[in-house]
Amino acid sequence: MADSQPTLDRTADDSGYAMGDDAPFQSPVSAEAVRETAREASATAAIAAATSTRAGRFRHILPSRSGKLITGVVIVGLITLFGIFGPMIAQPPRDSSNEALQPPSAEHWLGTTKLGYDVFSQLAWGTQGSLFIGIVAGIVAQLLAVIFGVFAGYFGGVLDEVLTLFTNIVLVIPGLPVVMVIAAYVQNAEGLGPLARSSLLVALVLGITGWAGSAVVLRAQARSLRTREYVAAARVAGEKPSRIIFVEILPNLVPLLAAQFIFGVIFAVLGEAGLSYLGLGPTGSITLGTMLNDAQTGQAVGTGAWWWFVPPGLIIAALGAGLSLINFAIDEVVNPKLRLAPENAKRQRRAAKAGKGVADTGAFA
Amino acid sequence: MSFYLRRVAFYLVTLWAAISLNFLLPRLLPGDPAAIMLGKLRRASGGRPLSEETIQAITSILGAGKDMSMWDQYLAYWGRLLQGDLGVSSTRYPATVSDLIAAALPWTITLVGVATVISFMLGIVVGAWVGWRRGTKLDHLVPVTTVFQSIPYFWLALVLVAVFSVQLGWFPIVGGYDVFEFPAGPELSWAFVGSAVYHAILPATTIVISSVGGWLLGMRNMMVSTMSEDYVVTAEAKGLTPRRVRTKYASRNAAIPSLAGFGIALGFVVAGSIVMEQVFSYPGIGKLMIQAVQGLDYALMQGVFLVITLTVLAANFFMDLIYGFIDPRVRHNG
């Protein structure tokens, strides 16, 4: 899964933004930008007219009307709470005094492992560990993406060429194999001490290898933004480049940055699971991936101990789905076409059904 | 023409960077992989002293002592590589790395390649349909696909094995073919092909289920965006049949980014299923990589990584060329 993500990322980019433009002050970008703003404006007007005034003026920028967002937030919230508070109430995760390989019961809600560990307790600690790795890796990747993407896009010239070349090289080199190779070298190196197989190191490796896709999108956006009038005005007013980037450009990228951060977290959680499953994960701490690795070495699949390997995967899938749902809600705000086109089609279909003389066949019905 | 020249230059630079990364990683990271590797090889050969040739191969791949300058090591490394000499494996001593890779490559390429093509076709066709029928109940498919996408694909494989192999006994649990029926290894016969196909069903299903969502979603979103383009409105206004608008006007253009993604996905065919191959003990490249990493067989690891990188680069390069042909705008803006 983690490996197929760049593909998806690139597809999504193409759908939303003007890409691959090398002439910032010439027509393609600005034309596209103007068209986009015009569409956005008309869309906003349409929605504002359609909804009652009571609903508020900012309704169109807040993704609140979306059931997807609510579902996503609830799922992610529940899992986060479980990761934070679960370890406090569950028994110690490596308490082997329980009976081994017990199916779920009142005493052990999710049964026990081959070594007598309580699966529920392992799951609570594992969720915490995986969330930690996901968030740290997400932050690292996002920082690198901003540095390589926004700086390249804003400054242009030689710096852009160098940063973009580097980004593209990192983008093309396959992710999981690199992570495996680096992990194999680093974790068996002496001299790193306790850091060598810690979850912090795993998170750093995942972050360092997972930023390139976001950087490409950010660069295209920064290039487009820097041709806008207000940025030019700030430049004429003598603002420092750093101020322009952080005050004028970055705030406009917030929805995109949020979506990318969420994507980064998903990528890292999935990457950690794969890495740990292969036995390259952190040894000191418990993550959802190490649980799956334990289940694999403990023959959980062969002995039918489903309660051992099903829950960790379910948590990962639910977390990923929840985060993706939030991302959808953000995406529909950033790219109004995705939201408006289905709505318009629906409205036309309803009008046709109500017999208002609208054709109910054809491309737009 | 300058478009193609620039692409060629980019891939040459990337190729150089990838190979240099392969050279630098074992030398710059702490630890001494060459010493570990030589120790393992000595043990694998049963305590007999290694030939000068083997030692040289290992040191030029993984790093020599202080007596050789970095630059000389780099030159020696390239020399070995250009001769196709990737060293000797320690986990499968005395097989050479090149032989092991050559034996594993067909398995992965066939299985993951076929699965990727099926998944792509399915995703494009269904995605175009869902995008066309936007605003209907079919839109609910969108959140459903995200759930499938978020499932760790090796976990899905575990569940499939638990249900269909362990519980129901319909499919074999591990392997790429029946090792009891064909103890001598792969052979060219219908019986063997049948056995291989039978063993490939569950792994292929895993790949299709976990990757089809991405294609579907990408195609659906592009379709929705394309349908609000002016030329589609024009086509509709001209009175063209919906079918014609859908196939000739909307789908064709909406599929372009997916096609680019498909090229990249083909590159990841070799790399993309490492963990899945571990679940099924499938005798492909991924399994080889895992063996190498777990057994600290650095020479094998380097070789597999190199092959994986090369295929990804080649697929990307090929796709870039095609893409410039399909979508001429790229040539002029890029």
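A crossing of two helices is right-handed if the near helix is turned clockwise from the far one by less than a right angle, and left-handed if anticlockwise. By that rule, α6(A) and α7(A) cross in the right-handed sense. The structure is a predicted model, in which local features need pLDDT of at least 70, side-chain atom pairs count only at pLDDT 80 or more, and totals for chains, interfaces and linings use all residues. Residues are numbered from 1 along each chain as its sequence is written, with chains lettered from A and ligands numbered from 1 in the order in which they are written.

**Chain A overall**

- Chain A has 15 helices and 0 strands; helices (H or I, at least four residues) and strands (E, at least two) are DSSP runs, numbered from the N terminus.
- Of the 365 residues in chain A, 49% are buried; a residue is buried if 20 or more other C-beta atoms lie within 10 Å of its own, exposed if 12 or fewer, and partly exposed in between, with C-beta atoms placed from the backbone.
- Among contacts in chain A with a separation of 6 or more, 70% join residues 24 or more positions apart; two residues are in contact if their C-beta atoms, placed from the backbone, lie within 7 Å.
- Helix α9 of chain A (residues 229-236) is hardly covered, with 0 buried residues among its 8.

**Helix pair α6(A) and α7(A)**

- The axes of α6 (residues 175-187) and α7 (residues 199-209) of chain A come within 10 Å and cross at roughly 145°; axes are lines fitted to C-alpha atoms, for helices over the stretch in contact, and angles run from 0 to 180 degrees between N-to-C directions.
- On the α6(A) side the contact involves G175(A), V178(A), V179(A), I182(A), A183(A) and V186(A), and on the α7(A) side L201(A), V205(A), L206(A) and T209(A).
- This contact has 8 nonpolar, 2 polar and no charged residues; Ala, Val, Leu, Ile, Met, Phe, Trp, Tyr, Cys and Pro count as nonpolar, Asp, Glu, Lys and Arg as charged, and the others, Gly among them, as polar.

**Helix pair α5(B) and α13(B)**

- The axes of α5 (residues 97-132) and α13 (residues 298-326) of chain B come within 10 Å and cross at roughly 50°.
- That angle makes α5(B) oblique to α13(B), since angles under 35 degrees count as roughly parallel, over 145 as roughly antiparallel, 65 to 115 as roughly perpendicular and the rest as oblique.
- The crossing of α5(B) and α13(B) is right-handed.
- V97(B), L100(B) and I101(B) of α5(B) meet A299(B), L300(B), G303(B), V304(B) and V307(B) of α13(B).
- By class, these residues are 7 nonpolar, 1 polar and no charged.

**Nonpolar core**

- A nonpolar core is a set of buried Ala, Val, Leu, Ile, Met, Phe, Trp, Tyr and Cys residues joined through C-beta atoms within 7 Å.
- The largest one holds 182 residues, of which A157(B), M289(B), A299(B), M301(B) and V304(B) touch the most other members.
- Helix α4 of chain A (residues 119-155) gives the largest share of this core, 16 residues.
- Beyond four places in sequence, the residues touched by A299(B) include M37(B), I58(B), L86(B) and V97(B).

- T309(B) lies in helix α13 of chain B and is buried, with 25 other C-beta atoms within 10 Å.
- Leaving aside neighbours within four places in sequence, T309(B) is in contact with I173(A), P174(A) and A18(B).
- S281(B), in the loop between α11 (274-280) and α12 (285-294) of chain B, has a positive phi near 50° although it is not glycine.
- S281(B) counts as partly exposed, with 13 C-beta neighbours inside 10 Å.
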